[in-house]
Amino acid sequence: MKYLFFLFTSFFSNYALHAHEVNKAFFVVKKQDHSIVVEAQFPWTLRNALIAFNPKLQNAKDQLEFKTSFEQYIISNLILFDAKGIPLPFRDVEILDKREHSHQNDFRITFKGGSVAKIKNTMMFNIYDNQINYMKVQLDDDHSNYVTKKGNTTVNIIEKNDHRGFRYAFLSILGMSIVFAMFKIKMNYFKFN
């Protein structure tokens, strides 16, 4: 029984250590009406990233100072671009109350615009060289996963809904195959006659 208790305790303590890794953040990017919404989950060290971004926060007494700095931090480190390469304007950030763990912070970040083609995500790179940002992008029926880290801070969003190039290539290959098959049949016909 002691061994079972030890094994059980070891497993859950290891799980708890990995569940709150300070150098990992998670993002879900969605379309919502005429906006792009990013649901972000940061470790508790987000506060350290904000203080590194704006050292005046070390002595801040007002939550408004943190909110203002956080908005500036988002504008500098989470940039969404449309298909023309124009950054989507930042609209708002709000705290979400769906905390599963006390060691994380959940936010909803909203940008003006209806589509996103590229994302630059350097959130928390200012405090961790090994920071990894996991992004799940859910645009219409397109669900893709991306990762940003130092040396790879930008991802191009591939919209799977636009299959025109694939359709044209498929139809061309199909057409050439039919022509080739007809030519082959004719050649075989003349060969036997």
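**Entry 1: overall layout**

I started with contacts (heavy atoms within 4.5 Å): among those in the protein chain between residues at least 6 apart in sequence, 56% join residues at least 24 apart. Before going on, I noted that this is a predicted model, where local features need pLDDT of at least 70, side-chain atom pairs count only at pLDDT 80 or more, and totals for chains, interfaces and linings use all residues. Numbering starts from 1 along each chain as its sequence is written, and side-chain values use heavy atoms, with hydrogens and water left out.

I then listed the elements: the protein chain has four helices and nine strands. These are DSSP runs numbered from the N terminus, with helices being H or I of at least four residues and strands being E of at least two. From the N terminus on, I read α-β-β-α-α-β-β-β-β-β-β-β-α. Of the 193 residues, 32% count as buried; that label means under 20% relative accessible area, with exposed over 50% and partly exposed in between (1.4 Å probe, protein chains only).

**Entry 2: the sheet**

I traced an open sheet of six strands with mixed pairing, in the order E4-E5-E2-E1-E7-E8. Two strands pair if DSSP finds at least two bridges between them. E4 and strand E8 (142-149) are the edge strands, each pairing on one side only. Direction ignored, neighbouring strands of this sheet are turned by 20 degrees against each other on average. For angles, axes are lines fitted to C-alpha atoms, for helices over the stretch in contact, and values run from 0 to 180 degrees between N-to-C directions.

H3 packs on the sheet and touches E2, E4 and E5. I get about 130 degrees between the direction of H3 and that of E4. At the other end of the strand order, E7 and E8 run antiparallel and are joined by eight bridges. One pairing I looked up there is Gln 138, whose bridge partner in E8 is His 143.

Which residues of H2 are buried? I found Leu 46, Ala 49, Leu 50 and Ile 51. Their cover includes E2, H3 and E5.

Next came the largest pocket, with about 460 Å³ of space. A pocket here is an open set of points on a 1 Å grid over the protein atoms alone, where a 1.4 Å probe fits, with protein on both sides within 12 Å along at least five of seven lines; lining residues have an atom within 4 Å of a point. Of the 15 lining residues, Leu 50, Gln 63, Phe 66, Ile 95 and Phe 107 are the closest to the centre. Helix H2 (46-53), helix H3 (63-77), strand E4 (90-95) and strand E5 (104-112) each supply at least two residues of the lining.

**Entry 3: loops**

Most residues other than glycine have a negative phi, so I checked two exceptions. Asp 33, in the loop between strand E1 (24-32) and strand E2 (35-43), has phi near 55 degrees. Met 124 has a positive phi of about 70 degrees and lies in the loop between strand E6 (118-121) and strand E7 (132-139). Buried or exposed? Asp 33 counts as exposed at 75% relative accessibility, whereas Met 124 is buried at 0%.

Last, I looked at Pro 89, in the loop between strand E3 (78-81) and E4. Pro 89 is partly exposed, with a relative accessible area of 41%. Leaving aside neighbours within four places in sequence, Pro 89 is in contact with Phe 111 and Lys 112. Pro 89 and Lys 112 are 23 residues apart in sequence and 5.4 Å apart in space, C-alpha to C-alpha.

Definitions and conventions
Points joined across faces, edges and corners; volume = space filled by probe spheres on them.
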